[in-house]
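Okay, thanks everyone, let's get going.

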Amino acid sequence: MAGSPATIVKETYPEALPSQAVGYAKRPYRWQGVRQRLGRQTRPKISYAEFLAWMDEDTLAEWVDGEVVMTSPASQRHQLLIGFLEKVLGVFVEQHHLGLVLSAPFQMKMKQGREPDLLFVAQEHLDRLQETYLDGPADLVVEVVSPESLARDRGAKFVEYEAGGVPEYWLLDPLRRWAEFYCLGEDGRYRAAFAGTKGTYHTKALPGCWLRVEWLWQEPLPDVARVTWEIIGVEKLRQLLAELEGQAADQQPTP
């Protein structure tokens, strides 16, 4: 996730907040529960339930050790890359009835309340989905790193996702044009399954799905439809076309 976190440590006056949080500080009723807990020099400690009640769909924040940690808006390149992956993986998952793909802002609650850039939840784990968050690990998490988030994505989140049992973790760095894909080993530790700037990666979380790493660095990004159907395969495309032709024939009026 892009951005440098700024933990709120004083009462929530606009001058004490990151710029993206000023709008929330101007609506003091949203901060009332937090402010009641604060002295001027103490950090706010709130429960995850209070955090969810405080935030809304536009809030860029995570819940870490009981504190609200704000994050900065993502860059255009970041958003385009996540949008590309969400569409490509989403169609693959839908075609094979594998589960659900979700993008930020959507929380994943394990020890901390994180907001991954992209996550996949397998069909057998859809019961973990709550209205505003995932209660437990996703089956696949994707983070697009930036200079501000590099240490967080490679450090705290890497450790949390590993300890929390996220089976597969992708770290994508569009600035360096470098991708790393990690899978949990039998010992519960991440092992690098692939790292590089180009090549083909076959994901374990989505059986049959693969990705050309060089697609991620193209400008503009590749055509989503072409990429999706290349991954899904010609046979599946022919099957779908045959089904559509059959439906069209059934809808023809009888002479």
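Helices (H or I, at least four residues) and strands (E, at least two) are DSSP runs, numbered from the N terminus.

Quick housekeeping: this is a predicted model, so local features need pLDDT of at least 70 and side-chain atom pairs count only at pLDDT 80 or more, while totals for chains, interfaces and linings use all residues. Residues are numbered from 1 along each chain as its sequence is written, and side-chain values use heavy atoms, with hydrogens and water left out.

Phenylalanine 120 has leucine 140 in β9 as its bridge partner. On the other flank, β7 is joined to β4 by five bridges, and those two run antiparallel. There, serine 103 stands opposite leucine 118 in β7.

So which way do the residues of β7 point? Leu118, Phe120 and Ala122 go one way, Leu119 and Val121 go the other, and all are buried. Buried here is under 20% relative accessible area, exposed is over 50%, and partly exposed is in between, using a 1.4 Å probe and protein chains only. In a regular strand the side chains alternate between the two faces of the sheet. Five of the five residues of β7 are buried, so the strand is largely enclosed by the rest of the structure.

Zooming out to the sheet: six strands make an open, mixed sheet, in the order β4-β7-β9-β10-β11-β12. β4 (99–103) and β12 (190–196) are at the edges with a single partner strand each, so one side of each has no neighbour in the sheet. From one strand to the next, the twist averages 15 degrees. For angles, axes are lines fitted to C-alpha atoms, for helices over the stretch in contact, and the values run from 0 to 180 degrees between N-to-C directions.

Next along is β9 (residues 140–144) with β10 (residues 168–173): these run parallel, joined by four bridges. Glutamate 143 has leucine 171 as its bridge partner in β10.

Now look at leucine 140, which lies in β9. Leucine 140 is buried, with a relative accessible area of 1%. What does leucine 140 touch? Not counting residues up to four places away in sequence, the list is Leu118, Leu119, Phe120, Glu168, Trp170, Ala205 and Leu206. Contact means heavy atoms within 4.5 Å.

Glutamine 95 is in α4. Glutamine 95 is partly exposed, at 21% relative accessible area. Beyond its neighbours within four places in sequence, glutamine 95 is in contact with Trp229, Ile232 and Lys236. With lysine 236, that's 141 residues apart along the chain and 9.0 Å between C-alpha atoms.

A quick look at the hairpin. β2 (residues 61–64) and β3 (residues 67–70) pair antiparallel over four bridges, with glutamate 62 bridging to valine 69 in β3. There are two residues between the strands, and aspartate 65 in the turn has a positive phi of about 55 degrees. Both faces of β2 are covered: Ala61 and Trp63 on one side, Glu62 and Val64 on the other, all buried.

Over in helix α6 (residues 156–164), the buried residues are Lys157, Phe158, Glu160, Tyr161 and Glu162. After α6 comes glycine 165, with a positive phi near 90 degrees.

Last, the overall numbers. The protein has eight helices and 14 strands. Of its 255 residues, 46% are buried. And among contacts with a separation of 6 or more, 56% are between residues 24 or more positions apart.

Methods
Pairing = 2+ DSSP bridges.
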